[in-house]
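User: I am new to this structure and would be grateful for a close look at a single part of it. Please set that part in its surroundings as well.

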Amino acid sequence: MKSQTSTTPISSNAARYLLPFSFATLAVLFVFSFPSDAQTNGVRQNDADYSELNRAPRKAIQRQNPLEKDPDAVLAGAKLFGQHCAECHGSAADGGHKGPSLRAPEVQLASPGTLFWLLTNGVVRRGMPVWSKLPEPQRWQIVTYLKSLSPPATPQPAQASQVQPAQIR
Amino acid sequence: MQLERKRAGINLNFLLQFDGVILSEAVFQAKLFAAALVVLALLAAAISLPAHAQESPYIVTYDHYLEEPGSLEVEYFSTFGTQRGGNDFHAFWTEFEYGATAWWTTEFYIDGQTTFGDSTLFTGFRWENRFRLLQREHLINPVLYLEYEQISGADKILKEVEGHDGESDYAVPNALARQEHNHELEFKLLLSSTRNGWNIALNPLAAKNLSGGNPWEFGYALGASRPLALKASANRCNFCPENFIAGVEMYGGLGTRYNFGLPNTSHYLAPVVAWNLPSDWTLRLSPGFGLNDNSHRFLLRWGLSREFSGLGEAISSLFGGRKR
């Protein structure tokens, strides 16, 4: 970087490049700031949202939740859900602006191993980031919390679960 | 404001007089631009929701985790460096990191530095992009890193070490160093793996200064880190061990295309720690130690960051996007 010195004055070039770059960046951000067609009416709900669950490999599906009987796992999972997941999936996990409801039968009937696999790998092409940066026990705590939720009784926004992430945060 | 345009020596800079202080026109524009960015960041903060971050402790090394889509992370970092044969310095930079998609993060930097006993300078900007190459998690996860830098020779943030960068480069007085002008492209392959709570990351880099006939320069960064606890506690807490991530990183130069290798390069070893607060702030601290005579003996880095979610939606609604 500093091995050779050129004597081009920074001042004139800085002015020349700063604005185009900033406009280009803003343009790109603007384009990507619009919601995709899959998101409507405030809550994202689409059968395709759950299709990734069917892609879990057999080995992952069969994994057992090591924290299933941990008395603190639901509370800790609710806290983690509130911190990392509620923004997209809603504070009651009944669906949000970007993510589908996690109280849906597709999720509630999935094995803990499937949910853990999906959490670990994300659905990158559909906007869900990978969450392997959370240590494995924390991901299992989130799975434990999700499995503690009850499916919605009606199509209306679901009743809050017994443990609300917002209460813990 | 009284405007007074003059010719300024061989650089042909225009000068402005602003409250009695003479500024070059470009520096003035750059400061205006920086101020506009700060205002933009404050606006973004106002219309976005804070989001809890689980940030890595690395300051130089990158793991493979990108910014969550639609989230903006505003970060401030400082580097204090000791300097043999010159004055110690405090370099600083601000980052605006935005998750454009789940596979693409774009980031804008503004750099500056104060050399004690010399002056304070705006030293340039950087635009960085990271692209996740594989959809799912693997044993090793590759991310492609592309960066464009327009910085002066007075830049001292040491965000990366490359080629034959060494301590003596930083002893040049600011007035002289700022005349060196670098348009640089930088490529990194970010390789990262997370197992059993440990993250291991390796970042080989290649950089090409487009100003002049400089050769390709090479460097590396590697890091390892782990949270102090893997299970989360049931209660919200500031000092829970899972909020702390500790590790170490090492970085240095690997010479140039014509002179590849370790001779005349500088290398650093730096313990790192991050504290992810429930209030959505992250603090980082990293004392770094030079490993050979070409390196600064000591670097102290620290950083403060906060992540804001929903920026994409907020901008979208400002421009008439769908209400959600």
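Which residues have the most contacts inside the largest nonpolar core?

Analyst: This is a predicted model, in which local features need pLDDT of at least 70 and side-chain atom pairs count only at pLDDT 80 or more, whereas totals for chains, interfaces and linings use all residues. Residues are numbered from 1 along each chain as its sequence is written, and chains are lettered from A and ligands numbered from 1 in the order in which they are written.

The residues with the most contacts inside the largest nonpolar core are Phe81(A), Leu115(A), Leu119(A), Ile142(A), Val143(A) and Leu146(A), and this core has 34 residues. A nonpolar core is a set of buried Ala, Val, Leu, Ile, Met, Phe, Trp, Tyr and Cys residues joined through C-beta atoms within 7 Å. A residue is buried if 20 or more other C-beta atoms lie within 10 Å of its own, exposed if 12 or fewer, and partly exposed in between, with C-beta atoms placed from the backbone. At least two residues of this core come from each of four helices of chain A: H3 (73–84), H4 (86–89), H6 (112–121) and H7 (136–148). The most is given by H3(A), with seven residues. Helices (H or I, at least four residues) and strands (E, at least two) are DSSP runs, numbered from the N terminus.

Leaving aside residues up to four places away in sequence, Leu119(A) touches Trp131(A), Arg139(A), Ile142(A) and Val143(A); a contact requires the C-beta atoms of two residues, placed from the backbone, to lie within 7 Å. In soluble globular proteins, nonpolar side chains tend to be buried together.

Over residues 3–12 of chain A the pLDDT stays under 50, and the model has 30 contacts for them beyond four places in sequence. Residues 33–41 of chain A also have a pLDDT below 50, with 15 contacts in the model beyond near neighbours in sequence. Where pLDDT is low, the predicted coordinates should not be read in detail.

One buried residue of chain B is Leu158(B), because 21 other C-beta atoms lie within 10 Å. Leu158(B) is placed in the loop between strand E8 (141–152) and helix H2 (174–177) of chain B. Beyond residues up to four places away in sequence, Leu158(B) touches Thr79(B), Ala91(B) and Leu299(B). From C-alpha to C-alpha, Leu158(B) and Thr79(B) are 7.8 Å apart in space, yet 79 residues apart in sequence.

Strand pairing may be seen in chain B as well; two strands pair if DSSP finds at least two bridges between them. Strands E5 (residues 89–101) and E6 (residues 104–115) of chain B run antiparallel and are joined by twelve bridges. There are two residues between E5(B) and E6(B) in the hairpin that they form, and Tyr98(B) stands opposite Thr106(B) in E6(B). E6(B) is in turn joined by eleven bridges to the antiparallel strand E7 (residues 120–132) of chain B, where Arg130(B) is the bridge partner of Thr105(B).

Terms used:
pLDDT is the predictor's confidence in each residue, from 0 to 100.
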